[in-house]
Amino acid sequence: SDLEEEKKRLYSLLDGLPAAIFLQDRQFKIHFANKKFIELFGPLEGRTCYQIIEDSRTPCDDCHTVTMTEDSDPVYEIFSAKDKTYELYQQPYVDYNGTLLIAKMLIDVTEKKKTETEIVRLQSLNLVGEMAAGIAHEIRNPLTSVRGFLQMLSSKQEQNKYRDFYDLMVGELDRANSIITEFLSLAKGSKSEKKRHNLGLILTNLYPLILVDALNQDKEVVFELENIPDLMLDQKEIRQLILNLVRNGLEAMTPGGKLCLRTYLEKEKIVLAVQDHGGGMDEATLKNLGTPFFTTKEKGTGLGLAICYSIASRHNANISAQSGPEGTTFFVKFGL
Ligand code: ADP
Ligand code: MG
């Protein structure tokens, strides 16, 4: 019939659009899904939207499908399902035979979201970098002279009874100084000096150092290095990046824990993976990774990862983390 003909034309129009579009009734049954939808989520096979998109057995808590009526306003929202973020537009739609359906359109904005958080992170790194360059030296100079005077005083005979206090003060100054040194490496304008290096070789050279660190804490280290092509790297920076990740991994584990470092190729990328078997991180920590001065440790500086992220950004590399109760894995992926 003409109506059937018209419906076909409408569906073929929807098929050509770049968003995932589907029509469903208020019992969640999907009446139509366009090509893009099937490409993203697979064939319908009589499944409901929440089974397909969320892998869930019940509708989402705040679903509008049930409440929408013929004259409801369109609803726009952002939602996440299975590691992906979508923009979702939904509006009532009356089918040619009078049935009330809900038309939904999904746009995958996962990459856009990632880029946004990445930009915010880099902006805060930049800001801190500018501060670092500006104030770190100004703080370091007076520290150095105070340290000198303390040492001079402590060497005097009559100060002997205060020896412990002097040692403590010098120790604290040294700690402050080492934080400033770390902070300075975030300084803006610190340029990478890149040469051809093999990540595997840099790791191999670090092995003894990492091993001693691990053994001192009664922990194990395993290296699994696949052959990988050379990269343009600043060796000093990459060593620092590795050590920062290794340190965090070791610190996350109780004695007996095993840290695993891997290199391998994956989809045109060289991957460095640092996996620990610690307690993992909560959602808030995961969100804040790389924010300068964010730390959950009593004696932490919260600079280790910030430095890793800034080194990665200078190496066209990207850092991601996967964390669960069995531990955490950091991935550094270098573009070839
Ligand atoms: P710091 O180690 O000084 O705290 P970092 O920037 O290295 O600073 O790390 C920031 C925070 O990220 C840590 O305090 C910790 O909460 C979390 N974190 C980093 N790596 C791990 C890991 N491997 N396992 C669990 N938590 C981690
Ligand atoms: Mg750290």
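This is a predicted model: local features need pLDDT of at least 70, side-chain atom pairs count only at pLDDT 80 or more; totals for chains, interfaces and linings use all residues.
Two or more lining residues come from each of β4 (84-94), α4 (110-154), α8 (283-288), α9, β11 (317-324) and β12. Helix α4 gives the largest share, with 10 residues.

Now for the second largest pocket, which is where ligand 1 sits. Its lining counts 35 residues, with Asn 248, Glu 251, Thr 295, Lys 297 and Leu 305 nearest the centre. Here the elements giving two or more residues are α5 (163-184), α7, α8, α9 and β12, and α7 supplies the largest share, 7 residues.

Here are the pocket volumes:

| Pocket | Volume |
|---|---|
| Largest pocket | About 1800 Å³ |
| Second largest pocket | About 790 Å³ |

As for residue classes, the lining of the largest pocket has 9 nonpolar, 12 polar and 15 charged residues, while that of the second largest pocket has 11 nonpolar, 17 polar and 7 charged.

So what surrounds the ligand itself? There are 21 residues around ligand 1, and Asn 248, Asp 276, Thr 295, Thr 296 and Lys 297 come nearest. The side chain of Lys 297 has an N or O atom 2.8 Å from an oxygen atom of ligand 1. On its own, ligand 1 has 530 Å² of accessible area, and the protein covers 92% of that. In the shell around ligand 1, α7 gives the largest share, 4 residues.

Terms used:
Residues are numbered from 1 along each chain as its sequence is written. Chains are lettered from A and ligands numbered from 1 in the order in which they are written. Side-chain values use heavy atoms; hydrogens and water are left out. A residue is near a molecule or strand if one of its heavy atoms lies within 4 Å of it. A polar contact is a pair of N or O atoms within 3.5 Å; within protein, one must be able to donate a hydrogen and the other to accept it, and residues adjacent in sequence count only if both atoms are side-chain atoms. Accessible areas come from the Shrake-Rupley method with a 1.4 Å probe; for residues, only the protein chains shown count as cover. On a 1 Å grid over the protein atoms alone, a cavity is a set of points where a 1.4 Å probe fits but cannot get out, and a pocket is an open set with protein on both sides within 12 Å along at least five of seven lines; lining residues have an atom within 4 Å of a point. A molecule sits in a cavity or pocket if more than half of its atoms lie within 2 Å of its grid points. Grid points are joined across faces, edges and corners, and a volume is the space filled by probe spheres set on the points. Ala, Val, Leu, Ile, Met, Phe, Trp, Tyr, Cys and Pro count as nonpolar, Asp, Glu, Lys and Arg as charged, and the others, Gly among them, as polar.
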